[in-house]
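I opened the notebook to look up a few things in this structure. The entries follow in the order I made them.

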Amino acid sequence: MAREASTIKTRNRLNRGDGGWAYAFIAVALVVYAMFTAYPVISAFIISFQNYQPLGSTYVGFENYENVFKSALFWKAMGNTVIYTLLTVPVALLLSFGVAILIMPLRKWMQTSFKAIYYLPAVASGVALSVVWLWIFDPMQGGILNQLLGAFGIPSQNWLGSSSTSMFSLVLMSWLSSHGTSIIIYVAALLGIDNSYYEAADIDGASFLQKMWHIVIPCLKPTTLFLLVTGVIGSFQVFQNAYLMTGGGPDHSTTMVGLLIFDTAFKYFEFGDAAAQSLVLALVIAIMAFVQFKFLGKDVEY
Amino acid sequence: MTKRSRLTASVLALTVAAGVLGACGSNNGNEPAGNAAGNTGGEGAAAAKDTITALLPPVSANFQANFKQMETEFNKQYPNLTLKIEPASWEDMTQKLDTQVNAGSPPDIAFMGSEGIAKYVPMGMVMDIKDVVTPEMIADFDEGPLKYMYNGEGLFGFPAYMEVHAIGGNKPFLEEAGIDWKKIQQSGWTFDEFREAIKKGVVKEGDTTKRYGFVFATAGVTSKDYLGILVKNAGMPAAFDKDLKYAYTSKNYLTLLTNIRQMIDDGSMPKELSSIDAGKRWNMFLTGQTMITGKGMAVFENSSRLNNEKLDANDGSAVKDSIKTDYVVLPVPSFAGQPAVANAIVDGYVTFRGKKEPTAEHKANVAKAAYFLASGQVAATTNSELFSAPITKSSREAMKSIESKQSDYNKAAVEHLLSTAAPARPDIPAELAAKAIKLETEVIVPKLQSLLAGETTPEKMYEDVKKAAIDTFGADGVVQD
Amino acid sequence: MGLYNNHLGNSLLKSARNAVIIILLLLFALATLFPIYFMIISSFGDPIEAGAVSYSIWPEKFSLESYKFFFNYSEYSYRWLANSLLVATVTMVSNVVFATMAGYAFAKISFRGSKVLFAILLGAMMIPYQVTQVPLYILIVNVFDISNTYRALIAPSLVTVYNIFLAKQFMSSIPKEILESAKVEGCSQFQILTRIVMPLSKTVMAVMAILTFMESWNTFFWPFLVTNTMDMQTIQVGLKNFRFANTTYFAPMMAGATVSALPMFILFFSLQKYFLEGVTVGAVKG
C-alpha cells in the first residue's frame, strides 16, 4: 500500500511525494493499533448493544444505554469523577510546571537530584505504595497523618472512612504522588526552547515575567495541551486509587466511573451495561478533549 | 537513493508488522487453551489423555507450596490425567477468573466460596457434575457441606471445608471483665448481655481508650462480612425467607442497625470502626487493644499461639508491642430476641466449563480432580492447617496421623456453632440471588459505611434499604411486618 | 539558561534567589518523598507478619532479612525480575522507534487522512480499559492462543497511542524551515527523520523510553491475566503473590517493591544526560 501510494505521489512535484513515507512511518503503529486497540473497542461497541453472555449473546438494542442514563449511581459517579478531575489535573499541571521552572537555574547536579527525587514516586509499584498510603491515612490516633496533625493540635480524622474527607484523601494522595512524569516532560520541553529566543528578549531588556509570558508559555503550549488532555483522560478513567484505597466508599463518596464500570462488569456480570457506561464515558472525554484542542490548540502550529 | 531507502523503510516496517501478525497467527488453527484440551482428548479410549486445569489461591498457609506434590500424586493415581495448577492470590483470583469466564475459557476447577456459584449459574459457565460423580464420591462427603455446592438441581463441585465465621476473645481479658466464656461458648448470649460485657472490657486512661471491648474489621468490603454475620442472628438466616421474599426489610433489621450504632456510641467499639481492616484489627487483638475481635475463625487460635511462641523466644520476630494472647472462640450474640444462627462458610472446588460443550469423558475427569483435591490427604492437610473439622470420611481417616494443636474447648465450641449453622439454600433462584448481591453492593454496604462513620441514622439507613428493596423486588417481593 | 537573568550583576542576589528556590523545592520534595521513604525504611524491618507496622518516622533497625526473605520466598524471584526486564526493554525499544516514526509523520508530513487517522488513534485512548480487556483477552488467549508467552506480554503494548501523541506534540515545535531546507538539499523523508528529526528529538525519545519502561515495568493486570505459571510472571505479579489470606508480610513486600524500583532508577540515571543537555536547533546547525 505504501509502495503504491508513493508511486502515485512521485508523479507530483518533488516535495509533495511524502504521503508514502508517512504511511510507511505509521504502518506498524496502525497495525498494532488495529489489532490490540481498535478491535477490542469495536467489540465493546457491539457488546454495548447486547446482553453479553459467553455462551451466546442476545441483541437488546439501546436497553443498556437506557439503564446507564436512568442510573442515579452513574451520574453520582460521574459527578465524583468531575470533582476529582477538577481538583487534581489543574493542580498537577501548575505544580509540575512550577517545579520545572524552578529547577532550571540550578546547577546541573542539583537539577538531576531534584528530578530524580520527584521521579521516585512514579517508579515505585502502585500496589506497594497504596499500602503505605493506607498507613498514612490510618484513622486511629497513631496513624501517620493523624500524628502529624496532632502535633499542631488538630484532632484525629477518619480519613478514608468518612465521606467528608474520603475524596480529599484521594486528592491529597494524587497531589503528592503523581508529578514525576509531568515534571520530566515539562523539563524536557523547557530544554527544547531555543536559546536565541531568550537572547533576543534579553537584548530587548525583557523581564523574567515577560519572558515567561511571551516565550515560555507559548512554546510550552503543545506540551501543556498534551499533559492536560492525557491528564484529563487519566483522571476520568481513574480506577486503581479508589479500588485499592476505599473501594468507592463510604456511601459512594469516592465511586468514580472507572470503578463503577469495573463493578458492573465483574461484580454484577452485566457486561453490556459496562460497555455502554464505557462508551458514554468515552464520549464525555472526547467532547472535553475536543474543547481543549479547540481552545488551547488553535494557535499551536502543526 | 531516495526511492530505495523509502522502500527499505516500508519493507522494514511491514516486516515487523507482519512478524507480529505471523507470530500471533501461527497458532490460529489450534484449539483455545484450557478446557479445549480436555474436549478433544476425551473421545477415544477410556484412558485417553486429558489435562485438567485448576486456579487455586493460598487456601491455607502451606497450600500453594504443595502444588507440585499434588500434581504428582494425582498423576500417580490417574496415569492418563494431568492436573495443572495455576496459583493466584486471594484478591486477584476473582478478577482473573471473571475475565476468563467472560472470555469463555475458564479453568476446569476454581477455588471459591460456595455462595459464588450463583453468580455463574445464569450464564451457564459452571459445570454440573451430578451425572458423572460416582456414588462413592458422594458417600464420602458429609451431607450438610455438600449441599452448599448445589444450585437448583445441579452439583457444581466439591466442598473443601466448612467453617464458622464468628467472633473471638482474649481469655485473660474476658476473665478480667468477669465474663464466663465457657458458658457462653455453649449457650450463647443476647445482645444486651453482650453489650454489657464489651462495656466492661473497655480500659481507659484519661480520655484515651487503651483497650476496646469489641473491634470488627469493617473497612471497605469487609463491612459486608460484619453485617452478614450479625444479620443471621437477628432472625434472617438468609437474604430471602422461605417464601423467597426479601428479608432485610423486616423490623428486626432496624433493631440490628440500631444495636450496631449503640455499640459504637457506648464507646465499646472505636468510632473509627469504618476504616479498620482485617490486618489492623488482628494487630489490635495481639497488642491488647481489644478484648473481642471479629470476624473470628478457629485458625486464629493458631496465629495467637505462634505469636506467643515468638514472644517466648524473645528474638524480636513477634508482632511489635504484642502481648501473650489466648484466643477463645465465641458465638455472635442474638438480636431482637431471635435465635442465634452461626454463619457457616463452605468454600470448595467449583467446576467450570468452556464455550464448547464438554464431553462426558472430560466432565468425569474434572470431577475426579475436584474429588482428589477435596478429599483424603489433600483435604486433611488443608483442614488441619485451618483448624477446621474434616468433612469427608477419607480425610477424617487421613487426619488421624496429623496432630491437632487446637484446644478442646474451642473445638467443642466450633462443633456447637456448626450445629446451629444456617442450612444451605439451593432453592433461591440465581436471578434473585444476583439482584440481592447488587442491592447489597450498591446500597447496603455503602449505607452501612456511613452508619458506622456516624453520617446516617439507623432509621434513615433502614428506610433507604427498604426503598431500594421495594424498587428491586416489588412491594410483594419483600417482607413487610 | 536564558530564561533567568544570569547577568543580574549581583551574585549575592543570585545566590539568595537560588536559596529560596532550593528551599521551596526541598519542601515539596519532602512531601512527595514521604511515602517512598516510608516504603524503604519499612523494607529494612524484620520479616514478620501483618500488624508489625511501626509508624515511627525514623528507621528503628537496619536489617536485610526482609530482602533475603523476599528472594527466598520463591525460586522464581530472580526470574520475575528478569521477565520484567525483558518485557519492559522490548516494549521500550519498539515504542521509541515506532512512536517516533509515527509521531514525526503526524507532526510534520502532510498526507491524506492524517487528521482523521490521528483523531481515531486518540479516540481509542478514551475508552476505559476495564471493558476492552475482555475482548483483548479473547484475542490473545483464545484466537492467537499465545497465553503464557512473552509475545502475549509484549504484543499489545508494542507502540502506544500515548507515545505517538507525546512524540507528535514535541516534534510540532521543530521549525519547519530546517526540514524544508533539508528537502531542498535532496534529503528523503527517511534521511530527514534519521539525520535531523531524531537527533533533535533525543530529549523526547529519552523521556519516552523512561516513561514506557516505567509503565511496562509497573503494569500488573495484563501480565497477571495472561500468565499461568510462576516462571512466566513479572515482578509486579510476583509481588502480589506475597499476600496471604489474612496475613501479609509487609516488610518483605516493601523490600520487593524497593528492589523492583531499582532498575527504573538506573535507567533514569543512564538517560538523564539527554534531559539535562537538551537539544537545541542551534547546536545542530552549528
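I set the burial scale: buried means under 20% relative accessible area, exposed over 50%, and partly exposed in between (1.4 Å probe, protein chains only). The model is predicted: local features need pLDDT of at least 70, side-chain atom pairs count only at pLDDT 80 or more, and totals for chains, interfaces and linings use all residues. Residues are numbered from 1 along each chain as its sequence is written, chains are lettered from A and ligands numbered from 1 in the order written, and side-chain values use heavy atoms, without hydrogens and water.

**Salt bridges.** I counted a salt bridge when a side-chain nitrogen of Lys or Arg is within 4 Å of a carboxyl oxygen of Asp or Glu. The count over all chains is 26.

I looked up B:K438 and found a salt bridge with A:E270, closest N and O atoms 3.2 Å apart. B:K438 sits in helix α19 (residues 430-452) of chain B and A:E270 in the loop between α14 and α15 of chain A, so the pair joins two chains. Helices here (H or I, at least four residues) and strands (E, at least two) are DSSP runs, numbered from the N terminus. A:E270 is partly exposed at 27%, and B:K438 is partly exposed at 26%.

Next I took B:D98, which pairs with B:K119 at 3.0 Å between the closest N and O atoms. This links distant parts of the chain, helix α4 (residues 90-102) and helix α5 (residues 117-120) of chain B, with the two residues 21 apart. B:D98 is buried, at 1% relative accessible area.

B:K400 and B:E397 also form a salt bridge (3.5 Å, N to O). B:K400 is exposed at 65%. I noted one network too: salt bridges with shared partners join A:D251, B:K447, B:K460 and B:D464.

**A:T255.** I found this residue in the loop between α13 (240-245) and α14 (257-267) of chain A. A:T255 is buried, at 4%. Its side chain makes a polar contact with that of A:H252 (3.0 Å). A polar contact is a pair of N or O atoms within 3.5 Å; within protein, one must be able to donate a hydrogen and the other to accept it, and residues adjacent in sequence count only if both atoms are side-chain atoms.

**Chain C.** I read off 14 helices and 0 strands. Of its 286 residues, 62% count as buried.
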